[in-house]
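Visitor: I have a model open and a few quick questions. Can you walk me through the packing?

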Amino acid sequence: MTTTDARERLVAAAQDLFWAQGVGATSPRQVLAASGVGQGSLYHHFPTKHDLAAAAVHATTTAGLDAAHRDLDAGGSAVERLVRYLERPRPALAGCKVGRLVSDQAVMDDAELAAEVRAYFRGLVDLAAAVLTEDGLPDDAARDRAHAAVAIVQGGYVLARALDDPDAMTAAARGFVALLDPRPADPLEDV
């Protein structure tokens with residue numbers, strides 16, 4: 001195993017454990033066991049738990065923004081791209097990897113880790129707002145809708161977990177998408 005492979009395995013294991021149980025509750029020993037990497041490799045790449053947490057949190061936020069870029073930068077109208085972002089299949093019952101970090105006090109009490117999480121959400125809102133301004137929405141209206149879109153996804157995770165129903169997330173996204181259509185459906189239109 002190369003040192004790059006060992007580092008990637010450690011980061012991936014930390015990401016999964018942080019998602020499942022949080023940064024504060026995860027020990028380096030658990031990361032070692034989950035990664036299958038030797039202890040020497042852990043301390044070679046990450047002398048402290050904070051170093052490992054910083055790398056894993058950064059990898060998680062980068063992956064999240066990359067996924068949003070794939071949805072929002074692809075072809076189609078602004079609304080079609082926003083719908084693609086909202087309706088992308090997600091592990092609703094597992095919760096959001098970055099959203100989980102927000103509820104972890106060990107992350108939010110650490111200036112570096114909290115800044116990484118905040119930068120992710122700012123970047124996500126900025127990306128969605130930029131797409132919406134392409135359709136001619138004023139900046140303030142685009143930012144409001146971008147905040148709402150991100151909140152729908154995060155709230156969808158919460159509802160799905162609380163109700164133990166992955167369809168709750170789908171319903172939340174579908175409901176928001178229906179609100180994007182500026183004209184209400186005319187019940188007589190199909191008659």
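**Packing notes**

Guide: Start with Asp71, which is buried, at a relative accessible area of 9%. Buried means under 20% relative accessible area, exposed over 50%, partly exposed in between (1.4 Å probe, protein chains only). This is a predicted model: local features need pLDDT of at least 70, side-chain atom pairs count only at pLDDT 80 or more, and totals for chains, interfaces and linings use all residues. Residues are numbered from 1 along each chain as its sequence is written, and side-chain values use heavy atoms, with hydrogens and water left out.

Visitor: Where is Asp71 placed?

Guide: In helix H4. Helices are DSSP runs (H or I, at least four residues), numbered from the N terminus.

Visitor: What is Asp71 in contact with?

Guide: Arg81, Arg84, Tyr85 and Arg88, leaving aside neighbours within four places in sequence. Contact means heavy atoms within 4.5 Å.

Visitor: New topic. Which residues touch the most other members of the largest nonpolar core?

Guide: Leu72, Leu82, Tyr85 and Leu86, out of 54 residues. Such a core is a set of buried Ala, Val, Leu, Ile, Met, Phe, Trp, Tyr and Cys residues joined through side-chain atoms within 4.5 Å.

Visitor: Which helix gives the most to this core?

Guide: H8, with 11 residues.

Visitor: And what does Leu86 touch?

Guide: Ala149, Ile152, Val153, Ala173, Phe176 and Val177, not counting residues up to four places away in sequence.

Visitor: How do the axes of H5 and H10 cross?

Guide: At roughly 170 degrees, with the axes within 10 Å. Axes are lines fitted to C-alpha atoms, for helices over the stretch in contact, and angles run from 0 to 180 degrees between N-to-C directions.

Note on methods
Helices (H or I, at least four residues) and strands (E, at least two) are DSSP runs, numbered from the N terminus.
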